[in-house]
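The tour below says what to select at each stop.

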Amino acid sequence: MSFIPLFLQQQQTQQGSPFGMIIPLIFIVLIMYFFMIRPQSKKQKEMQKLLDSLEKGDKVVTIGGIHGKISSVKEKSVVLEIDDNVKVEFNKTAIATVVNKINPPADKKSKKEKKGSAEKSTDIAAEITESGEAKNE
């Protein structure tokens, strides 16, 4: 008995169905999608939303670390005022973060409105107790 025919014989018996080999590959692709591709696409959408919301007066930081205030916004670029009378034009994609926005986000407005409605409800409650006490007297 030689070693080669025995090796070939074992290899033929271990093959099984091709479906059993596809399952691990599908599992690996799903893991890559949920841990690599999906978070990257979410981050890219958020960055595009940030770049679309740039307005004149926003303070930003570029990917090179330059801090400046937006003096004008064009279709694909922004002009940053870095110092007095020093303006530099950058691509929008060179903006890394927005430090200060001119307009507050909608969430802060809704919180202020909620506070206002809460204060109104406490005033109404105070009026009810005062009127209730007045009726009892």
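**Helix α2**

Start with α2, which bends by about 40° at Tyr33 (the bend is the angle between axes fitted to the seven residues ending there and the seven starting there). This is a predicted model, in which local features need pLDDT of at least 70 and side-chain atom pairs count only at pLDDT 80 or more, while totals for chains, interfaces and linings use all residues. Residues are numbered from 1 along each chain as its sequence is written, and side-chain values use heavy atoms, with hydrogens and water left out.

Now select residues 19-52, the whole of α2: its 34 residues should span 50 Å at 1.5 Å a residue, and the end C-alpha atoms are 47 Å apart, which agrees. The expected span is 1.5 Å times one less than the number of residues. Helices (H or I, at least four residues) and strands (E, at least two) are DSSP runs, numbered from the N terminus.

**The sheet**

Next, show the five strands, which form an open antiparallel sheet in the order β4-β3-β2-β1-β5. Two strands pair if DSSP finds at least two bridges between them. At the edges are β4 (86-91) and β5 (95-100), each pairing on one side only.

Select β2 (residues 67-73): four bridges join this strand to β3, antiparallel, and Ser72 stands opposite Val79 in β3. Three residues lie between β2 and β3 in their hairpin.

Move to β3 (residues 77-83), which pairs with β4 over six bridges in the antiparallel sense. Ser77 has Asn91 of β4 as bridge partner, and Asp83 has Val86. Finish at the hairpin of β3 and β4, where two residues separate the strands and Asn85 in the turn has a positive phi of about 60°.
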